[in-house]
Amino acid sequence: MASVAAWLPFARAAAIGWVPIATHPLPPPPIPKDRRKTDDEKLLINVSGRRFETWRNTLEKYPDTLLGSNEREFFYDEDCKEYFFDRDPDIFRHILNYYRTGKLHYPKHECLTSYDEELAFFGIMPDVIGDCCYEDYRDRKRENAERLMDDKLSENGDQNLQQLTNIRQKMWRAFENPHTSTAALVFYYVTGFFIAVSVMANVVETVPCGHRPGRAGTLPCGERYKIVFFCLDTACVMIFTAEYLLRLFAAPDRCKFVRSVMSIIDVVAILPYYIGLGITDNDDVSGAFVTLRVFRVFRIFKFSRHSQGLRILGYTLKSCASELGFLVFSLAMAIIIFATVMFYAEKNVNGTNFTSIPAAFWYTIVTMTTLGYGDMVPETIAGKIVGGVCSLSGVLVIALPVPVIVSNFSRIYHQNQRADKRKAQRKARLARIRIAKASSGAAFVSKKKAAEARWAAQESGIELDDNYRDEDIFELQHHHLLRCLEKTTREHFSSLLNGSERTTPREGEPVTPIDDDGAGVPLPDHEEVRIAIARLKNNKVAGADGLPAELFKHGGEELIRSMHQLLCKIWSDESMPNDWNLSVLCPIHKKGDPTICANYRGIILLNIAYMVLSSVLCERLKPTVNKLIGPYQCGFRPGKSTTDQIFTMRQILEKTRERRIDTHHLFVDFKVAFNSMKRSCLYAAMSEFCISAKLIRLCKLTLSNTKSVLAPTSLLTVITLKL
């Protein structure tokens with residue numbers, strides 16, 4: 001041991017470079033081959049083109065995560081001999097640092113949602129974030145949750161605005177959001193004006209306006225101009241009473257509204273006026289009435305409905321209730337302690353004002369709040385020392401909760417500012433989108449018509465004006481290319497939707513019976529039509545007629561009555577208007593090369609009136625169909641989602657992979673089969689399941705002689721659907 005200790009300084013010096021002990025490098029350490037493979041194997045991880053290297057044992061520290069378990073083998077690239085992840089490389093740097101150091105950090109400059117998605121993908125719980133970053137992460141998480149909640153409430157409010165059906169809902173919406181209509185905004189400013197007038201009158205009526213005749217003292221304006229102030233107060237109270245009664249009538253939950261703080265303030269603000277009308281001129285009663293008139297000052301709290309700052313202040317006080325309670329409790333304890341000490345320090349002084357502990361409360365209150373009126377002053381040295389300590393303690397006790405209250409106020413204020421800004425941006429964005437769609441669509445259609453007319457004139461040999469001959473060559477070629485694209489798209493969707501559909505069934509196939517007069521199928525009633533219209537979804541694109549669903553839902557009883565009469569006529573005559581057969585086909589790019597028609601899927605926009613007929617017809621078919629469909633069918637049925645099937649399949653896959661059991665999966669894609677479904681066989685199947693022939697004929701009516709126009713070319717490109 002002594003010899004080894006003697007050589008240690010030279011070894012350290014050689015390691016640093018002071019003394020060259022040997023010219024050849026040291027031999028590798030004697031590590032077994034099997035251990036070298038497990039401990040020293042490097043892994044190459046490619047994250048969106050950025051490569052990271054680490055040790056296998058570094059990742060296997062956390063076997064419950066994606067990189068620490070065998071699941072990472074699913075991302076192994078045999079050709080490049082690396083693991084490839086199509087994820088964010090900047091955030092992955094922090095994730096890999098967690099495997100190396102065991103500490104997870106939150107980058108403030110990264111998006112919170114993206115950071116959570118990356119952690120969820122790699123199977124890391126956010127709870128392991130280090131203490132140095134957890135507070136920032138939690139604050140960002142709370143702000144993000146509040147923002148999402150505000151957006152959701154705003155969207156729900158916008159949707160509910162479209163779903164108002166009766167006068168009460170419209171009135172309540174106008175009271176709560178006066179900027180939704182002009183009438184609500186006028187009422188909002190009128191009530192605000194009368195609140196200001198009432199508060200000012202309450203102040204001005206106490207101002208001296210001369211001397212009392214034959215008596216000493218001044219005469220206030222409220223007594224000198226009693227009739228004027230009474231009429232002014234009567235007008236204000238009438239406005240406040242009408243507002244309260246209208247809010248009570250329009251409130252969704254009247255009991256909750258009556259118990260609310262603002263409702264109590266409204267009642268207290270107008271109650272003294274009505275009590276004063278029934279009070280006589282008795283001096284004792286008049287004195288009580290004068291005391292009751294003090295409650296008129298509560299009318300100033302009605303400004304909270306008109307001032308966002310007052311509402312934010314109220315929310316701040318509500319959110320800081322625990323801190324304010326702690327402040328009051330601390331002040332009460334300090335007041336009792338210092339009042340007791342001050343009483344015993346000053347009780348032996350002649351003529352002292354500290355006659356009891358409750359009498360000393362006033363001194364401790366004005367001292368701790370740093371007011372110091374000077375009406376009570378300690379005279380002894382001990383009392384003065386206690387007074388100084390009381391003053392310093394009051395400053396500390398009051399100042400402690402102030403940062404919390406200020407931070408909450410700032411948070412709520414910025415939250416409201418961000419909500420208003422997002423709402424304004426959303427309205428501006430929607431307005432720009434509507435203007436762009438309208439202008440671009442109209443300009444495109446008009447230019448296309450003019451270009452086709454000039455193209456036809458040029459092909460027929462008609463001479464064009466000099467103005468169009470040179471400058472419109474590119475436009476003509478451009479629209480010719482668009483026409484070729486439309487032709488290709490039309491042929492693609494025509495072959496996709498029509499397929500090899502035959503209008504007549506083969507020999508031996510069952511044919512739909514037509515000898516049923518439909519006596520067993522009653523006409524649609526008024527309630528069925530009402531329900532079908534109410535089920536229409538808002539914010540959906542209209543069909544070829546341009547009539548949106550909101551127009552039907554807000555059309556009132558007259559529209560429902562007319563729609564019911566029209567459906568009854570269609571039901572009886574088995575004949576549908578020709579305009580209902582026309583729909584709008586919108587190609588939407590799915591994936592791949594956008595120049596290939598097969599990479600698009602088509603969405604057909606139907607007329608809303610046609611959808612009402614289909615909804616009524618579907619409800620008539622449901623009772624029979626639900627009896628035929630077994631419990632195994634879970635898709636496209638109310639209350640029967642595919643969640644249980646997906647969970648069961650996932651459990652099977654996990655167990656088979658855990659126990660290394662081979663599994664074989666068969667997926668059937670029905671998209672082609674659905675698009676090319678033979679309607680004649682469908683009608684025959686409906687007849688086989690004993691569905692009324694009347695309903696079958698009505699279904700066939702809705703699927704016969706249908707045509708579709710290709711958007712956005714309006715009525716210029718028509719695809720006939722052979723059904």
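User: Before we start, what counts as a cavity here?
Analyst: A cavity is a set of grid points where a 1.4 Å probe fits but cannot get out. Rolling a probe the size of a water molecule over the atoms shows where empty space is left.

User: OK, and how many cavities of 30 Å³ or more does the structure hold?
Analyst: This is a predicted model, and the structure in it holds three cavities of 30 Å³ or more. The largest cavity has a volume of about 70 Å³.

User: Which residues line the largest cavity?
Analyst: Its lining is made up of Val197, Ser198, Ala201, Asn202, Glu205, Phe229, Leu232, Asp233, Cys236, Arg296 and Arg299. Sorted by type, the residues of this lining divide into five nonpolar, two polar and four charged.

User: What is Arg247 in contact with?
Analyst: If we leave aside its neighbours within four places in sequence, Arg247 is in contact with Trp172, Phe175, Glu176, Phe257 and Arg305.

User: Switching topic, which residues does the "transmembrane region" annotation cover?
Analyst: According to the unreviewed UniProt entry, this annotation covers residues 183–204, 224–245, 257–279, 324–345, 357–373 and 385–406.

User: How much helix is there over residues 224–245 and over residues 324–345?
Analyst: Over residues 224–245 the chain is 95% helix and 0% strand, with the end C-alpha atoms 33 Å apart. Over residues 324–345 the chain is 100% helix and 0% strand, and there the end C-alpha atoms are 31 Å apart.

User: Last one: how many helices and strands does the protein chain have, and what share of its residues is buried?
Analyst: The secondary structure of the protein chain comes to 28 helices and 10 strands, and buried residues make up 30% of its 723 residues. Among contacts with a separation of 6 or more, 63% are between residues 24 or more positions apart.

Technical notes: Residues numbered from 1 in each chain as written. Predicted model: local features only at pLDDT ≥ 70, side-chain atom pairs only at ≥ 80, totals over all residues. Heavy atoms only, no water. Helix = DSSP H or I, 4+ residues; strand = E, 2+ residues; numbered from the N terminus. Buried < 20%, exposed > 50% of the residue type's maximum accessible area, 1.4 Å probe, protein only. Contact = heavy atoms within 4.5 Å. UniProt positions renumbered as here; feature names shortened; annotations may be inferred. 1 Å grid on protein atoms, 1.4 Å probe; cavity = no way out; pocket = protein on both sides within 12 Å on 5 of 7 lines; lining within 4 Å. Points joined across faces, edges and corners; volume = space filled by probe spheres on them. Nonpolar A, V, L, I, M, F, W, Y, C, P; charged D, E, K, R; others polar.
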